[in-house]
Amino acid sequence: MDFKSHFSYKKNMRGSIVLFLVMICILTSSCSVSSQSTLYGMGGRAAYNQSLQMTNNEQMLLNLVRLRYLDTPFFLNVSNVTTQFTYRTTGTAEIPIPGFTNDNPPILGGEVFWQNQPTIQYTPLEGHAFASQLLSPIELATLQRVILSGWDLDLVFRLAIQSFDDLLNAPEASGPIPEYIPKYQSFFEVTELFRYFQKRSELQIGVKISKCPKEHSTPDKKAYLLQIAFPLGSKEADQLAGLLSGVVIKNEHYVLNLELGFNKKGKIGIMPRSILSCMYYLSSGVKVPKEDIAFGYAPTTLGTEGEAFDWHDVVGELMRVYCSKCRPRRSYVSIYYKDHWFFIRDDDLLSKKTFVLLLQLYNLQSQEVQSAGPVLTLPIGG
């Protein structure tokens, strides 16, 4: 071997060794890559979180559309999510003997193997769980907690209350779309005034629990009372008090005591909706293709002269669900059903807000019913 060949050989050997050492460093340090991938990558926690949130939204919207068509709602809850990560690296290197040619070059190779194997368990919501979560009326303590956490009282009442103090909030819409126009105007007027005082931090709301009289017993032998108070001394307060039949004056406040269900005199106190009733109520505002109504696939409500009633007047401000033959370009949530896309627009903030409230109430109802949750009793009096 001449000097020039020997020098070239040593240079190639050094290059091969350097490449081999670089490869070894990459493979041995790649364990940090796998730990990052398990938490932050495409198979990480954020990816699962976003996927579950998206499918929860899609499932709720799908059931709202089903109810609009008088189809059966069905919930498939995710009960458990586990995942197993597999990570393996290998590396090979072949250094040729002196005298190699271009047909016999140095060989350096490796393999990186990464696998994510998720296991997701689904639980159908049916039987007793279905009745408890979807058919049981929303508890007064739950409504109180939601309002005290910052939700608009008028939004909560319009969605979750079907009547209080003889004021009706389209109670017929708590089930399948009714045939005739419901009553709701006075209810809306009162809840807007409630919101007026809430925005000024002048509205107090609490739940009072007491022993139930024998003539008006409940299964747990307790009486539940929602108490709402707002200060005297303004035209808005006098206007609101004039719309309420059961208001009394105590400690310079108008006070309204609303007993859950019917009181001993047979008068309506407050009647919350169930989650399924809230869904039926909102489903009335789902827009469906005109041909589906014409062919009788979707029901409609008739006006006084036989014309189709526009439910936008009742629930349209709360949540609007549009339909289209084409998939929407930009939407908050969308689903495909009966050859059409149904979606909530991403720039429709009030619809998104109502949708989030519905999902929160749905999740709260999934908890085991607790009759005596955290209670705030107003200091104004019973």
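1. The largest nonpolar core holds 77 residues, of which F164, F194 and Y281 touch the most other members. Helix α9, residues 275-283, supplies the largest share of this core, with seven residues.

2. Y281 deserves a separate look. Leaving aside residues up to four places away in sequence, Y281 touches R158, L159, N169, A170, A173, F188, R273, V314, V315 and L318. Among these contacts, R273 lies over the face of the Y281 ring, at 4.1 Å from the ring centre. K338 lies over the face of Y69, at 5.4 Å from the ring centre.

3. Aromatic pairs number 16 in the structure. In one of them, the ring centres of F295 and Y297 are 6.0 Å apart with the planes at 45 degrees, so the pair is tilted. F295 counts as exposed at 60% relative accessibility, and Y297 is exposed as well, with a relative accessible area of 51%. One aromatic cluster is formed by F157, F164, F187, F194, Y196, F197, F230 and Y254.

4. On confidence, the protein chain has a mean pLDDT of 79, with 71% of its residues reaching 70 or more. Over residues 368-378 pLDDT stays under 50, although the model has 26 contacts beyond four places in sequence for this stretch. Where pLDDT is low, the predicted coordinates should not be read in detail.

Notes:
Residues numbered from 1 in each chain as written. Predicted model: local features only at pLDDT ≥ 70, side-chain atom pairs only at ≥ 80, totals over all residues. Heavy atoms only, no water. Core = buried A, V, L, I, M, F, W, Y, C linked by side-chain atoms within 4.5 Å. Buried < 20%, exposed > 50% of the residue type's maximum accessible area, 1.4 Å probe, protein only. Helix = DSSP H or I, 4+ residues; strand = E, 2+ residues; numbered from the N terminus. Contact = heavy atoms within 4.5 Å. pLDDT = per-residue confidence, 0-100. Phe/Tyr/Trp six-rings, centres within 6.5 Å; stacked < 30°, edge-to-face > 60°. Lys NZ or Arg CZ within 6 Å of the ring centre and 35° of its normal.
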